[in-house]
Amino acid sequence: MRVQFVLSEIGVGLRRNLTMTFAVIISVALSLALAGGAFLVREQVSSMKGYWYDRVQVSIFLCNKNDAKSYPTCTKGAVTDAQKASIKADLLKLPVVQKVFYESSEEAYTHYKQQFKDSPLAGSLTPDQMQESFRVKLKDPTKFNVVASAFSGRPGIQEVQDQRALLENLFRLLNGMVYVAYAVLVFMLAVAMLLIVNTVRISAFSRRRETGIMRLVGASGFYIQMPFLMEAAFAGLVGGIMACGMLLVGRYFLVDHGLALAKQITLINFLSWSDIIKVLPLVLAVGILMPAVAALVALRKYLKV
């Protein structure tokens, strides 16, 4: 009987406040979809950092014959074979160095032609204008300063460049987008909480006579609260299911189909379906608990009948 009564009261509350309940569902769905999306973007950025930072290298560009007037370390002309052998030997001695790759000016010219074949400069460059270089793979990419301090300003070396620095601007932009998403998320959650509180208060006010009678005949506070809490939790559950659907549809159309970013941007290892699915139970849990807690807070004053 009690279960039947609670279920009937839930149905009555939902019918009486259908518009407000629908508003709660939509706001919860948007908030949770944004929360899940922000969390997944953060995981994507972390995954990209781990992937790219593990592959970035330190580039040591060597002097060529055209650098004498531009770089103090190149005043004696192009790097000599003896200097190249010395630089490579000293690199291999460093404990932070994992591998050393040599790229000749001809190889640099070929790579440039492949990467920038549509550039107007590609046709005017010649191999002797390209720098020879050593590509240094570090055991720990954060130890760039060890190489820079040891080789910057050394005769025969034009410049020591950390490729990791080239990625920092990109990751700062992505992190900024995550922070903006979190700010919008907080705003949406606040809107959702206010809607839930107002909906519960309106529902409680419309049934104040019934709750007053129940209180007078000795019904427990939890028994009186139960229909209201279940209404809020049900609305949150529906909103959570909609949010999960948004995340799945977003992954399907943005990455695999529609825009097909996975095919257009092959250099990024996008989060897999299993990564998306792991987030969905958390979204549903928050979708149920958040409205229930808001309803519990809103009902405190209405139990003092």
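Reader: Why is Q158 called buried?

Author: Its relative accessible area is 12%. Buried means under 20% relative accessible area, with exposed over 50% and partly exposed in between (1.4 Å probe, protein chains only). Q158 has 12%, so Q158 counts as buried.

Reader: What kind of model is this?

Author: This is a predicted model, where local features need pLDDT of at least 70, side-chain atom pairs count only at pLDDT 80 or more, and totals for chains, interfaces and linings use all residues. Residues are numbered from 1 along each chain as its sequence is written, and side-chain values use heavy atoms, with hydrogens and water left out.

Reader: Where is Q158 found, and what is it in contact with?

Author: Q158 is found in strand 4. Strands (E, at least two residues) and helices (H or I, at least four) are DSSP runs, numbered from the N terminus. Leaving aside neighbours within four places in sequence, Q158 is in contact with F61, L62, C63, D67, Y71, T73, C74 and Q131. Contact means heavy atoms within 4.5 Å.

Reader: How many helices and strands does the protein chain have?

Author: The protein chain has 10 helices and 4 strands. Buried residues make up 39% of its 305 residues.

Reader: How do you know what span to expect of helix 3?

Author: The expected span is 1.5 Å times one less than the number of residues. Helix 3 (residues 81-93) has 13 residues, and 18 Å is expected. From first C-alpha to last, helix 3 reaches 19 Å, close to that value.

Reader: What makes the buried residues of helix 3 line one face?

Author: The buried residues of helix 3 are K84, I87 and L91. Seen down the helix axis, they fall within an arc of 65 degrees, so they line one face. The arc is that of the directions from the helix axis to the C-beta atoms. An α-helix has 3.6 residues a turn, so residues three or four places apart point the same way. The face of helix 3 turned away from the buried side carries the exposed residues D81, A82, L92 and K93.

Reader: What covers the buried residues of helix 3?

Author: The cover includes strand 1 (58-62), strand 2 (97-103), strand 3 (133-138), helix 5 (144-151) and strand 4 (157-162).
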